[in-house]
Amino acid sequence: MSDPQLDVHGNAVKLELGPDERARKREKIVDVLWAIQQRKGWIDDNSLKAAAAECALSPQEADEVATFYNLLFRRPVGKRVVFVCDSISCELTGGAVLMERLCAELAIEPGGTTADGEYTVLPIVCLGHCDMAPCCLAGETVHGPLDSAPDAIKSLIQRIKNDRSAARG
Amino acid sequence: MTEVLLAAKGKNGAPATLDEYRSAQGYATLERVLKDMKPADLIPIVKDSGLRGRGGAGFPSGLKWSFVATGDKADGGPKYLVVNADEMEPGTFKDRVILESNPHVMIEGIVLAAYAMEMTDGFVFIRREYFKQADILERAIDEARKAGILGHSVLGGKWSFDIHVHRSGGRYICGEETALLNAFEGRKAQPRSKPPFPAVRGLWGRPTTVHNVETLANVPGILRNGAAWFKGLAKNPEGAGTKMYGGSGSLERPMCVERPIGTTLRELMAEMGGVKGGKQLLGVIPGGASTAFLTPEHLDVPLDFDPVVKVGSRLGTGTFIVFSEDDCPVHGTLNLQRFFARESCGFCTPCRDGLPFGVGILERIEGGTATMGDLDLLDDLFRNIGPNSFCAHAAGAAEPVRGLYQHFRGILEDHIHQHRCPFPKPGAREVTHV
Amino acid sequence: MPEILFDGRKIAVPAGTNLVEAGLAAGVPVPVFCYHKDLGAVGSCRVCACTIKGADGKPPRTVMACMTAAADGMEVTTLDKASVDLRRYVVEWLMLNHPHDCPICDEGGECQLQDVTIACGHSQRRVPTMKRTFQNQFLGEFIQHEMNRCITCYRCERFYKDYAGGDDFGSTGSRDRVYFGRFEDGPLESPFSGNLVEMCPTGVFTDKLFRYKSRVWDLEIGHSVCPHCSVGCNVHPGSRFRELQRVRVRDNPAVNGVFLCDRGQFGHGYVMDPERPMTVRLQGESTSWDQALGTAGAELLGIARHAGPASIAFVTSARASVETHAALEGLAEESLAGSRIAHFDDPDREARALVALQALAAAGCPPLDQGDLAHVDVLLIAGAALVNEAPLAALAARQVARRGGKVFVLAPGETYLNDVATVIPAHPARLAAELGTVSAKLGDSNGAAADDPRLTLARALAAAKAPGILLGSDLVDGPAFQAGAALAKALAARGTAPRFGCVFPGPNGFGAAAMSAKPALPGILADLEAGKLQAMVLVECETSAWTPAQVEALKQLPLCVVLDYLPGPLHQAAGMFLPTEATYETDGSYVNRAGRLQAFARSRRIGVPVRADFQGSSFPRDYAVEPPLGDVRVAWRVLEQLRQAALGKAEARTLAELRAHIARTRPGWAPLRDIAPGSQGAMLELAVLAAPQGSLAAFPAAGSGLAVFRIDRTLGSEVLSRVAAPMRKMAGPPVALLSPADAKRLGIDGAGSIGITAGNRTVELAARVHPAVPEGTLLVPRDAELPHGLAQGAAANVAALAGAR
Ligand SMILES: Cc1cc2nc3c(=O)[nH]c(=O)nc-3n(C[C@H](O)[C@H](O)[C@H](O)COP(=O)(O)O)c2cc1C
Ligand code: SF4
Ligand code: FES
């Protein structure tokens with residue numbers, strides 16, 4: 001047993017007034033779902049059930065969380081997901097054109113997945129990199145400011161392809 | 001301004017390490033405070049300093065601290081300090097800059113604030129898209145832990161306090177403090193009703209204070225140099241401290257800088273190279289998506305909470321978005337409204353269903369198929385949405401629309417009369433630099 | 001009490017009252033969607049806008065009535081422009097995606113969205129956007145899902161999860177795409193799922209059994225009482241063209257409020273069952289009422305004369321009304337004095353009910369009725385997994401915990417309350433001892449930490465302001481009834497104000513017990529078996545608890561008259577069958593488990609429904625004043641007519657006369673005289689009620705094998721509701737519950753199949769492991785077959801059946 005947790009006055013904190021074990025398990029649900037997604041690319045029903053069980057939730061309760069977040073997928077996506085920011089600073093600097101050209105280069109519609117299953121392009125809200133607008137996120141890397149000229153788009157795809165953090169599944 | 005307080009970087013622009021932070025007197029304040037001061041002594045200083053929340057609402061921080069029951073009034077259970085590093089407000093990237101440059105200043109701020117409010121645990125709620133920043137933060141926390149600043153015995157004393165990082169699944173509403181608490185607990189991130197306020201029933205029903213990253217980063221300086229020093233940093237008489245100002249949009253050199261609060265738009269824009277391509281300025285949204293437009297006539301208004309309110313907008317997050325003469329403010333507002341409609345949590349009707357309704361009208365205006373009646377409807381619509389939503393999300397959405405009507409009524413009418421958007425289509429960037 | 005001015009009307013309301021309730025008190029119904037008096041206020045729909053001006057001199061502001069408490073001197077208006085505009089907008093926003101399919105929606109006519117839309121003046125779609133569409137889910141046999149109609153008020157989810165404790169239903173998604181449903185298609189697991197129909201302010205969740213049957217304004221709706229358990233929830237059965245089409249809740253704040261369980265809401269299929277006997281039959285041939293009554297009267301008189309009245313026995317049951325019991329008594333004790341009467345059809349349940357009534361009297365404190373649970377702060381439920389025996393009581397118990405009260409369950413097999421209650425899975429044979437321990441420990445308050453939950457329980461009860469003790473029925477033996485009453489007494493002696501209640505078998509178990517002087521059925525059945533009886537009149541009875549020999553003897557009787565509305569073995573066996581009206585078709589009254597008298601009134605006119613006549617072409621071509629098969633009579637009237645036939649001269653009494661007679665002749669029954677359907681009912685005067693004699697043995701101590709206990713289950717075991725196919729489908733086949741230890745010993749892993757052997761018979765049954773079943777016990781649903789003659793709690797040999805898993 002570890003020593004009791006003490007507050008600023010040196011008194012033991014009454015931990016029983018805090019979250020119980022179940023609440024602590026529940027807190028982990030987003031991380032658990034994320035870990036599954038890192039492995040599988042998306043969260044299928046069986047994985048969702050497993051995640052729910054791990055967090056002491058019913059599948060329904062877990063699904064309520066899973067379907068709330070922009071970064072969690074309940075449908076299959078490509079091996080690499082490219083999130084193109086479509087919020088205001090990127091929009092003002094040509095984000096819409098970027099989206100259009102990127103999709104054209106990959107021969108998909110926004111939201112679509114390439115035929116070879118390599119790329120999915122999704123719009124996303126402000127990535128907090130407005131000083132790098134227009135920008136996109138692939139894996140753990142934010143790319144920007146981006147140019148939409150055909151060569152630049154090709155080079156962007158190449159960089160995403162080479163980025164190990166961007167590939168899942 | 002000579003001293004960089006909040007975002008001092010380390011060597012070669014890398015995040016400041018513990019040693020680097022220490023060499024700039026980092027954690028000295030914490031040591032002194034823990035040795036010499038009682039928790040209750042801290043709150044009056046922060047109150048006097050005039051520090052106001054940097055998360056957007058500008059609530060006086062010292063006052064906020066005083067809402068948490070301490071000493072005999074507390075029940076002896078856990079109390080939490082939660083750091084809001086969700087930063088999803090479009091146009092806003094200032095907290096990121098602090099996390100990337102100087103994570104320890106925020107950590108020291110957290111420990112000091114937690115000490116003042118006699119808290120037992122600290123949590124940072126960070127948006128998952130900030131992968132690198134969260135890694136930096138976790139590394140810094142680890143450094144602090146190893147150095148005995150965090151953990152079982154803070155700086156060798158009895159108090160045990162640690163900071164844990166919680167990564168979000170990505171949703172704007174998680175930044176709203178009560179929604180954040182639900183998100184944290186692994187629930188759907190819908191806001192809770194207030195009262196009870198988080199200071200009474202917050203995370204897991206325990207007393208909780210939620211603060212923005214930048215707010216906390218200010219705390220070490222205040223406690224090191226005193227309230228008067230902090231007040232003196234400001235450029236305008238009613239202000240206090242510095243501000244991380246960001247500029248983006250049609251700006252030559254978009255960036256984030258720390259400047260005395262009350263610095264004007266004219267000064268900041270000059271520093272950032274002015275409007276992109278030497279175009280004329282049409283207007284700015286001063287502090288993230290949920291603030292109302294300002295126009296060139298406001299270039300000399302001090303960018304501080306009260307002065308900006310006086311001219312009909314809000315400082316918000318202090319990260320402004322520049323519109324040039326080629327940028328259609330209706331198009332821009334439509335973009336913002338699509339954002340707000342999409343990011344609505346779905347709890348209350350004005351936001352969930354009213355915002356898409358507004359998007360529909362804006363699409364017609366921008367597309368040139370609207371009537372003058374639609375203009376009145378949109379105006380009236382947002383007057384009804386604004387004050388009547390459950391949380392400040394939809395209220396924020398109403399702000400840019402209000403500004404649009406206040407300053408750009410003529411442009412709106414042009415859309416109707418010309419049956420099209422009179423501005424050029426937003427084009428691709430011409431310059432390549434990768 | 002704050003005084004406020006509400007739309008110009010001055011009213012005083014209790015402190016803390018929100019402005020929706022204050023508005024109702026002032027006669028101003030503020031429109032609401034998300035607000036519900038029992039679910040509380042969350043402020044999500046924003047339709048209850050009103051403008052307030054405080055006494056503080058601040059400028060007026062528009063607020064949500066549901067989220068705002070009335071404060072002294074407040075002026076509230078719902079009529080100012082800001083409030084009116086906002087309400088109109090809210091409806092406009094909600095209607096953006098509502099499909100406006102009122103013409104084919106079953107909710108039409110009682111749709112809150114319809115009403116509020118019209119009331120708020122929204123009629124034009126101003127921006128022609130596409131409507132969002134959803135796919136619906138299969139939610140089981142009871143609930144139809146139509147998500148496109150959803151206005152996202154969250155009431156369904158708040159009821160299902162927060163109020164009723166379910167976790168298989170909720171809302172996924174966000175923004176304007178919130179989806180209320182389940183993780184995957186499948187029956188809703190909560191036994192309270194039917195309330196979604198009532199909770200939804202529009203037609204997302206509708207009654208599947210009622211789907212496309214009627215416009216609701218065409219229904220004939222009466223005030224009635226649910227006949228499916230002893231709680232006595234109030235209902236509004238709705239019929240059209242002689243077809244009972246649905247059952248919805250009637251708000252009785254003293255009993256069920258606005259809630260029902262699925263057994264009550266969807267259990268009515270027996271009424272329209274195609275197999276239901278609707279004709280008078282004599283020796284297998286249909287005949288007229290006059291003929292049958294004349295024959296029966298003459299034969300009864302003849303038998304009384306020749307074989308003596310003691311050779312005639314009358315038996316009825318806990319599902320017969322008070323009036324039927326009284327009429328039968330009139331026949332047995334006045335007209336054929338010396339004949340015998342039993343008010344129950346099951347000897348075990350008879351003894352149980354009589355002893356429960358004795359315990360209520362012995363406890364000496366006020367009874368614990370459903371409405372009283374709202375004031376209890378510490379509740380002990382002993383000897384029942386309450387959701388099985390009295391579902392709405394379990395729902396109310398959950399609210400005790402939600403309000404911050406404590407709930408303890410001292411019984412095996414708890415499935416519903418375990419997330420909010422402290423569950424001590426006591427062996428039924430040890431229940432009396434457990435209760436005794438609690439009594440003994442009431443005074444034990446010396447600081448030591450209570451590791452033993454019994455000590456926690458004792459301390460909680462001792463510290464409670466308003467403790468409540470609720471005993472079940474099936475799993476309580478004689479000593480436990482006494483121990484329960486003693487515990488209540490001990491609490492009262494300590495100066496608290498306890499309430500004590502029991503669950504009774506059947507909707508009128510209390511009434512039947514209160515009319516019984518002593519246990520009568522065992523004697524009658526013994527005489528039947530011994531060939532000492534010549535005639536029996538069985539009114540609304542089952543013989544499922546009788547031995548095969550008794551049932552056989554019944555068939556051999558010279559005269560066997562059966563009055564009922566259910567098909568089944570008795571209907572087959574009867575020499576004379578007289579069809580009677582079911583609860584919803586007649587006037588009468590029941591006494592609920594706490595002694596509350598509740599009257600019900602006819603809401604269905606009996607006879608073949610027009611729908612069945614119509615045969616797809618047109619309305620009937622043959623006309624008659626009387627509906628076909630419409631001459632089915634209420635049991636008490638038939639008994640009165642039989643009495644008239646037997647005596648020749650007596651007048652058949654009316655309902656009022658019967659009630660007056662009981663009220664006059666039976667102590668404690670005076671309230672029956674003035675009882676009216678659609679009221680809150682009235683309590684029998686427990687203090688002066690004549691307590692019946694009789695006793696109930698202790699459950700046998702552990703023998704070899706497992707002690708077998710019959711229990712109810714929420715769906716599927718109750719005799720009326722289990723008739724119809726949708727209910728049987730939702731209930732699934734009966735499954736016995738056994739302890740993990742016994743399962744391990746038997747080699748059953750999770751679930752399997754078992755054989756139960758007693759005497760020389762073995763029956764086979766599915767079984768499942770349940771963590772809260774004590775070792776040595778087997779809980780078997782009442783609807784499963786068991787070896788005959790196996791007394792409650794008696795040991796039987798249980799073995800796993802090979803091959804079955
Ligand atoms: C829709 C919405 C989103 C918000 N997002 C953020 C955010 O990303 N970061 C933040 O610090 N505050 C955000 N806020 C403000 C917080 O609710 C809260 O006021 C703030 O974290 C308090 O910190 P402060 O007192 O340090 O400013 C948001 C508010 C709303 C209504
Ligand atoms: S305004 Fe309403 S729907 Fe929008 S985010 Fe806040 S609570 Fe959710
Ligand atoms: S607007 Fe695109 S990153 Fe902020």
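**Chains and interfaces**

Author: Between chain A and chain B, about 5,500 Å² of area is buried, and carbon and sulfur atoms give 57% of that area. The model is a predicted one.

Reader: How many residues of chain B are in contact with chain A?

Author: Contact here means heavy atoms within 4.5 Å. By that criterion, chain A contributes 60 residues, and the number on the side of chain B is 73.

Reader: How many salt bridges are there between chain A and chain B, and what is the distance between the closest N and O atoms of A:Asp131 and B:Arg96?

Author: The count between chain A and chain B is three salt bridges. A salt bridge requires a side-chain nitrogen of Lys or Arg within 4 Å of a carboxyl oxygen of Asp or Glu. A:Asp131 and B:Arg96 form a salt bridge, with their closest N and O atoms at 3.0 Å.

Reader: What area is buried between chain C and chain B, and which three residues of chain C supply more of its share than any other three?

Author: The contact involves 31 residues from chain C and 29 residues from chain B. About 2,300 Å² is buried between these chains, 57% of it from carbon and sulfur atoms. Of the area that chain C buries against chain B, 29% comes from three residues, more than from any other three: C:Tyr89, C:Trp93 and C:Arg175.

Reader: How many salt bridges are counted between chain C and chain B?

Author: The criterion is again a nitrogen-to-oxygen distance within 4 Å. Between chain C and chain B the count is zero.

Reader: Is chain A compact or spread out, and what is its radius of gyration?

Author: Chain A has seven helices and four strands, in the order α-α-α-α-β-α-α-β-β-β-α from the N terminus. For 169 residues the globule rule gives 15 Å, and the value for chain A is well over this, so chain A is more spread out than a compact globule. Its C-alpha trace spans about 65 × 40 × 25 Å along the principal axes. The radius of gyration of chain A is 20 Å.

Reader: How does chain B stand against the globule rule, and what is its radius of gyration?

Author: Chain B holds 18 helices and eight strands. The globule rule gives 22 Å for its 434 residues, and chain B lies close to that figure, so it is as compact as a globular protein of that length. The C-alpha trace of chain B spans about 70 × 45 × 40 Å along its principal axes. The radius of gyration of chain B is 22 Å.

Reader: Is B:Asn218 buried or exposed, and what is its relative accessibility?

Author: B:Asn218 lies in the loop between helix H9 (213-217) and helix H10 (219-225) of chain B. Beyond its neighbours within four places in sequence, its contacts include B:Leu6, B:Arg54 and B:Phe230. Buried means under 20% relative accessible area. B:Asn218 therefore counts as buried, with a relative accessibility of 3%.

Terms used: Residues numbered from 1 in each chain as written. Chains lettered and ligands numbered in written order. Predicted model: local features only at pLDDT ≥ 70, side-chain atom pairs only at ≥ 80, totals over all residues. Heavy atoms only, no water. Helix = DSSP H or I, 4+ residues; strand = E, 2+ residues; numbered from the N terminus. Rg over C-alpha atoms; globule rule 2.2 N^0.38 Å. Buried area = accessible area lost by both parts, 1.4 Å probe. Buried < 20%, exposed > 50% of the residue type's maximum accessible area, 1.4 Å probe, protein only.
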